[in-house]
Amino acid sequence: MLKHSIFLFAAIAALTFFSGCTETGGGDDKPIDKTMSFTGFSPTKAVAGAALTLSGANFNTEAGATTVLINGVEAVIQSITSSEIVVTVPSGKCSGTIEVIAGDNKLSSADEFLFQSTHMVYIAGNEGVDASEVAAYWVDGVKKSIPGVTGRSSANAIYADAQGVIYIAGKKFVDNVAYAVCWKINGETVETTTLTDGSGHGQATSLCLVGNDVHVVGNQLRHVDKEIRRVSHAGQPDEIIMFHGSLNVAKYWKNGVLVKDLTDPMAKPKVTESGFATSIAVVNNNIFICGIEGKTTKYWKNGELIVDLTDGVHDAEARSIFVTRNEDVYIAGYEESMRHANARAQYWNQEGTVSPITTGNNFSSANSIFVVGKSVYVAYEETGSDENEFLRGKVWRNGTSKTISDVSKDTYVTSIYVAGGDVYVSGQEYGGSCHIAKYWKNDTVITLGDGVKDSFANSIYVREI
């Protein structure tokens, strides 16, 4: 009897021991940690539709039990195990913290995910030979024709809205008169808004879209009869003579309606000066425009002249304007230091303070400007120190310059755009027989023209999708 009791006691003890082992983490008698943890993710940046892997422990693998948010946007779960979740990066700009939610458990990533937008590149220009040049545009390097536009014309500026509707500012000739126009292209449908009346040659040079409002600047010739002063030489007094001719007037239109003539050729007595509006930006419902009158570069805000950027003594141009959300103004162009001296690439702020891009020892011209945060980007051209050296296309950023063109050919850069950390520049290269439209993305050059006939890339816009 005692023998059977001892055996029963030993069996019960053994059962108790092994039952206890199922509730501990091993020989140290610590409970198993079943707390959900989220330790990291890879890759750290990706485009919409890419796979994103989240690492951790004790993820809830039951169907529908776990939710993943990227900056508040839900990501579809492709697969899930206790230690790994694979999701699809959602569309939309969802840079930010990643959250894993399962019931009452909610964990956030220590680092932020960077959403990489995909980009579509739009370029406005023209192709053809001399008087037969026709407006054209390119989307991601593929040439497009403006529906219904076959005659002499030019596309000078381009913009695309969130739906991919394209707006182009330029000019077209009718009966040998150039009209300023704005084209709106939606697939194969095009709407043409004619901005000038045909009383003199006109063109649209720049545009900006804000909501449903299309803002355009440009110029038109106006016939002028006025007295002017003709400077005499050899100590003779100046003469007052009658001038009968045409001078350009800088103009601003909104939704196809002329808002204001920015310059007036009759305003200054005894002088003849043409006016040109070259670039426009709209920020916080304020209208910022730069341009030229005579030799004086100018900056207007809401139709009123704010400051003359140069004194009008030597040749100068203001070619591009960029305005930040805080309304800091940047205007790119050039100015000669003395008559017939080399032009110097530079930019001005809203007070007219100059920031030089080059020394002025060689000819240079700043043609376009773009600002991201504290970084100022300028597309400009400059000749080499040798008179026989070619014109080079360059990008300047915060004091550092980089040549982007083939130094064995003349290159003209026209426009710059920065998106997703990539720098895009449009322009053309002279290959010896014709101009060839191109654009550069960082260190990569994309050829647009066929090399048989002249082609020009006048403006670039990059749309994030």
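Two strands are taken to pair if DSSP finds at least two bridges between them. In this predicted model, strand β16 and strand β17 (residues 213–230) run antiparallel and are joined by eight bridges. Within this pairing, C208 stands opposite H215 in β17.

The two strands belong to an open sheet of four, ordered β16-β17-β18-β19, in which the pairing is antiparallel. At its edges lie β16 (202–210) and β19 (257–261), each of which pairs on one side only, and the twist from one strand to the next averages 30 degrees.

Turning to the aromatic residues, the structure holds seven aromatic pairs, including the two set out here.

| Pair | Geometry | Centre to centre | Angle between planes |
|---|---|---|---|
| F41 and F113 | edge-to-face | 6.4 Å | 70 degrees |
| F370 and Y417 | tilted | 4.6 Å | 50 degrees |

F370 belongs to strand β28 (residues 364–372) and Y417 to strand β32 (residues 411–419), so their pair ties together parts that are 47 residues apart in sequence. Buried means under 20% relative accessible area; F370, with a relative accessible area of 11%, is therefore buried, and Y417 counts as buried at 17% relative accessibility. F370 and Y417 also form one aromatic cluster with Y159, F322 and Y461.

A charged residue is placed against a ring as well: R152 lies over the face of F173, at 3.9 Å from the ring centre.

Technical notes
Residues are numbered from 1 along each chain as its sequence is written. This is a predicted model: local features need pLDDT of at least 70, side-chain atom pairs count only at pLDDT 80 or more; totals for chains, interfaces and linings use all residues. Side-chain values use heavy atoms; hydrogens and water are left out. Axes are lines fitted to C-alpha atoms, for helices over the stretch in contact, and angles run from 0 to 180 degrees between N-to-C directions. Rings of Phe, Tyr and Trp (its six-membered ring) pair if their centres lie within 6.5 Å; planes under 30 degrees apart count as stacked, over 60 as edge-to-face and the rest as tilted. Buried means under 20% relative accessible area, exposed over 50%, partly exposed in between (1.4 Å probe, protein chains only). A charge sits over a ring if NZ of Lys or CZ of Arg is within 6 Å of the ring centre and within 35 degrees of the ring normal.
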